[in-house]
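The following exercises concern one protein chain.

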Amino acid sequence: MADVNHSSGTVVAVRGSVVDVRFEGELPRVDTLIHAGDNGEIVIEVALHLDARQVRGVALTPTQGLARGTSVTNRGEPLRVPVGPEILGRAFNVFGEPIDRGTPLPDGERRSVHRKPVPLAERSTREEIFTTGIKAIDVLAPLERGGKAGFFGGAGVGKTVLITELIHNMAGEHEGVSVFCGIGERCREGEELYREMRDAGVLKNTVMVFGQMNEPPGARFRAGFSALTMAEYFREDRGQDVLLLIDNIFRYIQAGMEISGLLGLLPSRLGYQPTLATELAALQERIINTRRGAITSIQAVYVPADDFTDPAAVHTFSHLSASIVLSRKRAGEGLYPAVDPLESGSKMLSPEVVGERHYRIAKEIRHTLATYEELKDIIAMLGIEELSREDRRTVFRARRLERFLTQPFFTTEQFTGMTGRAVPLEAALDGCERILADEFSDLPEKALYMIGTIDEVKREGKG
C-alpha cells in the first residue's frame, strides 16, 4: 500500500487548469490529490481515468512552471481540511490554510471534504422558524431552522448586504457557530466582511472560507465542500447549531461549468455542464438538520440577466425551503430590502407551523399587494380617481404596507445615516395587522418608510 500512496507519474499535457498525467503503476483514485513542483506546491485533483495508464486532473492552484515530463507524486490522499475549536475566528483558503496572517494552526485533526450525506433515518423532522429580525422575510417568507434559504437576484440588488445584515442580527441571539463561505468572492468583499465581523465582535464564533475570483475554477469548486466539512464538525461532534452562509452559489455552478468545459465534456442547455443537477445536490444534500444539531444555510444566488428560468436558478430553487426573490424594480423605487413579496415564498408559511394569525396576516398582505399590482395599469392610464372607493382604499393600504416592509440596516448605517433596526416577529405582525385595519390612513405614506416597529410611526407622523 505504501508504494501506491507514493507512486509517481509524469505530466503528458497541460491545458490551462487541466493536466494529463501518466502513471506506470496503479492509477490514483478519482478525487485524490497529486502534487507537482519543487515542494509539491502545484496541487491537482484527479477528475477522470482516461485509460489504464493516464489520468486527467484539475489544478487547484495556478499551473505556472508545469511542463511535459514534470514528475508528479501521488500521496493517496483526498483534499483534507482542519476541524476543531481552534478554527473559530479564522479565515481559510480551500486547503484549510489560514489566510488572515494569524498564528499557524496547531497540528490537529483534518477531515476529507468528500463525505456522504447523513442517512434519512438520522435526520430530524422537527419544523421550527428561524427569525432574522428583517420584517419582509419574517412575515412573508419565514426561514426554517435547519433548512436552506436562497436570496435570488441579479447584480446589485442587495444579496450580499442582506447576508451581512443577517450575520449581524444573528450574532447576538444565535448561540451556535457561523461558517461563511465566499465562492468567487472579490478580494475587497472578503476583506471588508472580515473587518466588519471583527469590529462587531462576532468573529470569535465564525469560520470563514474563501475560494476567490482570481483562483482557478478547481479551488472555487471545492471551497463550498471545505466550509461544509468544517460546519459538519460543529453539528456532529459538538452538537451545535450552525449558520452556513454561502455567497454565491451561482459561482459554484459556474466553476463546475468551467471545469466541465476544460475536461472536454459536451455542454447541455445554455452551456451549463451536463452534471449540473448532481453537482449541486452533492453540496446541498449535506446541509441538513440531525438530532445532534442543525445546519441552517442561507445562500445568495446570482440570477444571470434577471432570468429566473435560467437552469442555475431553477435547479437551486428545488433544494430550498424558502426563496427570497430580490426585485430590481423595487430597488429602483428605493424600497429596501428589495424583497419581492409576491415572488418570494416559504414552505414554512402554513397555519400548522407559523400559527393561524401569522398565516392570515401574510395571506392578506399578499392579496392586497397583488390587487394593487393589477390596478397599476389602470392608474397609469386613467389615474387613481377613476377607481372605485374600495379599490382606492386597497391601493392606499398596499402603498403603506410596501413602505412599512422597508427597514434601515445596521450594515448600511455609514451610507444612509439611519440607525439600523432588528424587528421582532410579533412587532412586525402587529404593524402589518394595524395597517391592514386602516389605522394609519390619515398619515402620509412616508411616515411608514424606513422605520422599525410600528410605534415609530406616531412620532414621525406628529413630527
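**Exercise 1.** State which residues line the largest cavity and how the lining divides by class.

*Solution.* Step 1: apply the definition. On a 1 Å grid over the protein atoms alone, a cavity is a set of points where a 1.4 Å probe fits but cannot get out, and a pocket is an open set with protein on both sides within 12 Å along at least five of seven lines; lining residues have an atom within 4 Å of a point.
Step 1: sort by class. Ala, Val, Leu, Ile, Met, Phe, Trp, Tyr, Cys and Pro count as nonpolar, Asp, Glu, Lys and Arg as charged, and the others, Gly among them, as polar. The lining then has 7 nonpolar, 1 polar and 2 charged residues.
Step 2: give the volume, which is the space filled by probe spheres set on the points, with grid points joined across faces, edges and corners. For the largest cavity this is about 50 Å³, and the count is 1 cavity of 30 Å³ or more.

The model is predicted: local features need pLDDT of at least 70, side-chain atom pairs count only at pLDDT 80 or more, and totals for chains, interfaces and linings use all residues. Residues are numbered from 1 along each chain as its sequence is written, and side-chain values use heavy atoms, with hydrogens and water left out.

**Exercise 2.** Describe the peptide bond that joins tyrosine 336 and proline 337.

*Solution.* Step 1: consider omega, which is about -5 degrees; the bond is cis.
Step 1: Proline 337 belongs to the loop between α9 (328-332) and β18 (345-346); helices (H or I, at least four residues) and strands (E, at least two) are DSSP runs, numbered from the N terminus.

**Exercise 3.** Characterise the largest pocket by volume and lining.

*Solution.* Step 1: its volume is about 940 Å³.
Step 1: of its 38 lining residues, Gly158, Lys159, Thr160, Val161 and Glu189 lie nearest the centre.
Step 2: two or more lining residues come from each of α3 (159-173), β13 (177-185), α4 (187-199) and α13 (413-416). The largest share, 7 residues, is that of α4.
Step 3: by class, the lining holds 16 nonpolar, 11 polar and 11 charged residues.

**Exercise 4.** Is arginine 101 buried or exposed, and what of methionine 450?

*Solution.* Step 1: the cut-offs are under 20% relative accessible area for buried, over 50% for exposed, and partly exposed in between (1.4 Å probe, protein chains only).
Step 1: arginine 101 has 86% relative accessibility and is therefore exposed. Its phi is positive, about 60 degrees, although it is not a glycine.
Step 2: methionine 450 has a relative accessible area of 12%, so it is buried. Its phi, near 55 degrees, is likewise a positive value in a residue other than glycine.

**Exercise 5.** Which residues have the most contacts inside the largest nonpolar core?

*Solution.* Step 1: a nonpolar core is a set of buried Ala, Val, Leu, Ile, Met, Phe, Trp, Tyr and Cys residues joined through side-chain atoms within 4.5 Å.
Step 1: the largest core has 62 residues, and Met208, Ile298 and Ile365 have the most contacts inside it.
Step 2: beyond its neighbours within four places in sequence, isoleucine 365 is in contact (heavy atoms within 4.5 Å) with Val139, Leu140, Leu401, Cys432 and Leu436.
Step 3: cysteine 432 has a relative accessible area of 0% and is therefore buried.
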